[in-house]
Amino acid sequence: MRGPVTDGNIVISDLRAVPHFADAIADRVWRAWWKPKGFALEHVAGLVRENLGSGPLPLAIVAHRGSTFIGTASIIASDMEERPQYTPWVAAVWVDPAFRRQGVGGIIVGHAARAAFAAGADTAYLCAVPAKSAFYQGLGWSLREQDVGDHRLDVFTLKPI
């Protein structure tokens, strides 16, 4: 992803262009998925900082309006220990509650998938709880597997158009 992309009044940026949002991403991702498992915020902050490197991946996408953080998604090598052969993954999709149900999640996921394809991937992967299945299928993702791993997640794929 090169420069920022404006989608309506929301700007979608590569975290490398707006690194001041790294703490917001770490906080949201930590609270949603890592804190309940007993991980320290600093652990997640370190993972977020990996997105500031010069390679095409990992990559964090940030949705914002000026200095207001709206949401994020990352593109990472692997998001499921049970499926190490699948890569890359769109992961850590988060939209702040005030901005939900406004299409922001779909915008972020779409930009993340296109960034994965721009980095050379011919397939993007994503996992989610079954309750989110209709959302991702509505965005064009195909259900590949169900009930995977201890968390019983659905696995989706997307091919470039």
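The expected span of a helix is 1.5 Å times one less than its number of residues, and helices are DSSP runs of H or I with at least four residues, numbered from the N terminus. Helix α3 (residues 104-118) has 15 residues and reaches 21 Å from its first C-alpha to its last, close to the 21 Å expected at 1.5 Å a residue. The model is predicted, with local features requiring pLDDT of at least 70 and side-chain atom pairs counted only at pLDDT 80 or more, while totals for chains, interfaces and linings use all residues. Residues are numbered from 1 along each chain as its sequence is written, and side-chain values use heavy atoms, leaving out hydrogens and water.

**Helix α3**
- Twelve of the 15 residues of α3 are buried (under 20% relative accessible area, 1.4 Å probe, protein chains only).
- The buried residues include Val104, Ile108, His111 and Phe117.
- Just after α3, Gly120 takes a positive phi of about 110 degrees.

**Packing of α1 and α2**
- The axes of α1 (residues 22-34) and α2 (residues 41-49) come within 9 Å and cross at roughly 125 degrees, with axes being lines fitted to C-alpha atoms over the stretch in contact and angles running from 0 to 180 degrees between N-to-C directions.
- Residues of α1, among them Ile25, Val29 and Trp30, meet residues of α2 that include Leu41, Val44 and Val48; contact means heavy atoms within 4.5 Å.

**Trp33**
- Trp33 lies in helix α1 and touches Ala92, Val93 and Trp94, not counting residues up to four places away in sequence.
- Trp33 and Tyr86 are 53 residues apart in sequence and 21 Å apart in space, C-alpha to C-alpha.

Terms used. Helices (H or I, at least four residues) and strands (E, at least two) are DSSP runs, numbered from the N terminus. Buried means under 20% relative accessible area, exposed over 50%, partly exposed in between (1.4 Å probe, protein chains only).
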